[in-house]
Amino acid sequence: MFSKILIANRGEIALRVLRACKELGIQTVAVHSTADADAMHVRLADESVCIGPPPARESYLNIPSLLAACEITGAEAVHPGYGFLSENARFAEILAAHKLTFIGPSAEHIRTMGDKIEAKRTAVRLGLPIVPGSDGGVADEAAAKKIAAQIGYPVLIKAAAGGGGRGMKVAHSEAQLSDAFATARAEARAAFGDPSVYIEKYLDHPRHIEVQVMGDGKGGAIHLGERDCSLQRRHQKVWEESPSPVIDAAQRERIGGIVAKAIGDLGYSGAGTVEFLYQDGEFYFIEMNTRLQVEHPVTEAVTGIDLVNEQIRIAAGLGLTARQEDVRFSGHAVEVRINAEDPATFAPSPGRISYYHPPGGLGVRVDSSAYQGYRIPPYYDSLIGKLIVHGRTRPEAMMRLRRALDEFVVDGIQTTIPLFRRLVDDPDIATGQYDIHWLENKLATW
Ligand code: ADP
């Protein structure tokens, strides 16, 4: 096992990783920008190193600074959290070249899955069901029209280098295709420096259902069930739950088994998430994330398995702590993302938290780096914490969510807590009847 790990991240996820290290008796090194000198992850770590000024590209994305921090502190491994360098194959390679362990999959697997066209090809090869669409990139408008006519409108044009829902455009008819194609390419070029796009059938009422997997890197892999992340705004998840309200045990075993086998065949190492759209009883692969996800705690709540602990053990060559038959799914968990944002306009709301009181009690978990007096810097994403509730049944989890939201006080800034107070009482949410478009349609009526 490692004796010291450097956590190349900030905020709630840095704290989350730090907690797993503590339980394993591993020393922790926090890194921070000058804007984060007072952050909780810095206060709780055994050591900390300032790695640069506030802009992420000069600090949290600054690979030479991170290498220097490892060298100074003697850290043997790096946990990247999510975001920042977590899906950067080059970073994984550079660490390896310096005899440091990247806590995550191989650079090759990160690279394959990071290119969405390659990822889809790999999914086909591994036997995963995919969304019908172009076989690879689509070079020009004429080719796009031909493929769209074959698969039928509406179609979705997506960036090969995509992420965060950028570079994605729907065309409902051939008349809309030219514009959608040109805009998607321009957006992809601006956001990712790569204008390559591909085409998929646009599903008009899917749910977003993803399967959590863990691979041992030697051909073994298990699945930890699914998460339903259909409640989204601008393709960003705001509420996640496990199990999905529309998946039963037999379906879970079937799709989970298919995914675990695929991941094992790939020789994948560490935690990963295979994302699907689910419509009319069918699963369609859209992408794989080769890292820990923001929403991993709902899986931890229903399985009792600490995903970060598993990630660290796998990276240390110790393998998985559970076989598939040891994994038991118990009850229902919901996570809501508490962002420092105006709950009506979603405009960022940085500033000082004048009063902070997180909820507690049975079945309530708060993963947050916020504290009273903390000043949220304006440079990073607006997630300040996650509220996760667990109950024996979905209604029990919802009851607990309502109560915990009521108890949660964050003064001095605006947060998305009021949004969730409204959602928790919505009849469609209560019955689990929502697809990926539901939230945006709902917000438009408020
Ligand atoms: P990104 O990497 O940008 O997050 P994804 O491929 O994961 O892109 O898709 C993000 C979201 O976009 C999905 O969760 C879903 O809401 C929507 N989406 C993606 N593909 C389709 C599709 N073929 N039809 C309808 N919606 C889609």
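Glutamate 226 and arginine 252 are both buried, and their side chains meet in a salt bridge with an N to O distance of 2.8 Å. This is a predicted model. A search of the whole structure finds 35 salt bridges, and the count of aromatic pairs comes to nine.

**Salt bridges**

- Glutamate 58 forms a salt bridge with arginine 57, and the closest N and O atoms are 3.8 Å apart.
- In that pair, glutamate 58 is partly exposed at 33% relative accessibility, whereas arginine 57 is exposed at 61%.

**Charges over rings**

- Arginine 252, the salt-bridge partner of glutamate 226, lies over the face of phenylalanine 329, at 5.6 Å from the ring centre.
- The charged end of arginine 422 is placed over the ring of tryptophan 446, at 3.8 Å from its centre.

**Aromatic pairs**

- A pair of aromatic rings is described by the distance of the centres and the angle of the planes.
- Tyrosine 371 and tyrosine 374 form a tilted pair, with 5.2 Å centre to centre and 40 degrees between the planes.
- Tyrosine 371 is buried at 12% relative accessibility, and tyrosine 374 is buried with a relative accessible area of 8%.
- Tyrosine 379 and tyrosine 380 form an edge-to-face pair, with 5.9 Å centre to centre and 65 degrees between the planes.
- The edge-to-face class applies because the angle of 65 degrees is over 60 degrees.
- Tyrosine 379 is partly exposed at 47% relative accessibility, whereas tyrosine 380 is buried at 13%.
- Tyr379 and Tyr380 belong to one aromatic cluster together with Tyr60 and Phe84.

- Three strands form an open sheet in the order S7-S6-S8, with antiparallel pairing.
- Strand S7 (169–171) and strand S8 (197–201) are the edge strands, each pairing on one side only.
- On average, neighbouring strands of this sheet are turned by 30 degrees against each other, direction ignored.
- Strand S6 (residues 155–159) pairs with S8 in the antiparallel sense over five bridges, and valine 155 stands opposite lysine 201 in S8.
- Helix H6 (residues 116–125) packs on the sheet and touches S6 and S8; the direction of helix H6 makes about 50 degrees with that of S8.
- Helix H7 (residues 141–151) also lies across S6 and S8, and runs at about 15 degrees to S8.

Key
Residues are numbered from 1 along each chain as its sequence is written. This is a predicted model: local features need pLDDT of at least 70, side-chain atom pairs count only at pLDDT 80 or more; totals for chains, interfaces and linings use all residues. Side-chain values use heavy atoms; hydrogens and water are left out. Two strands pair if DSSP finds at least two bridges between them. Helices (H or I, at least four residues) and strands (E, at least two) are DSSP runs, numbered from the N terminus. Axes are lines fitted to C-alpha atoms, for helices over the stretch in contact, and angles run from 0 to 180 degrees between N-to-C directions. Contact means heavy atoms within 4.5 Å. Rings of Phe, Tyr and Trp (its six-membered ring) pair if their centres lie within 6.5 Å; planes under 30 degrees apart count as stacked, over 60 as edge-to-face and the rest as tilted. Buried means under 20% relative accessible area, exposed over 50%, partly exposed in between (1.4 Å probe, protein chains only). A charge sits over a ring if NZ of Lys or CZ of Arg is within 6 Å of the ring centre and within 35 degrees of the ring normal. A salt bridge is a side-chain nitrogen of Lys or Arg within 4 Å of a carboxyl oxygen of Asp or Glu.
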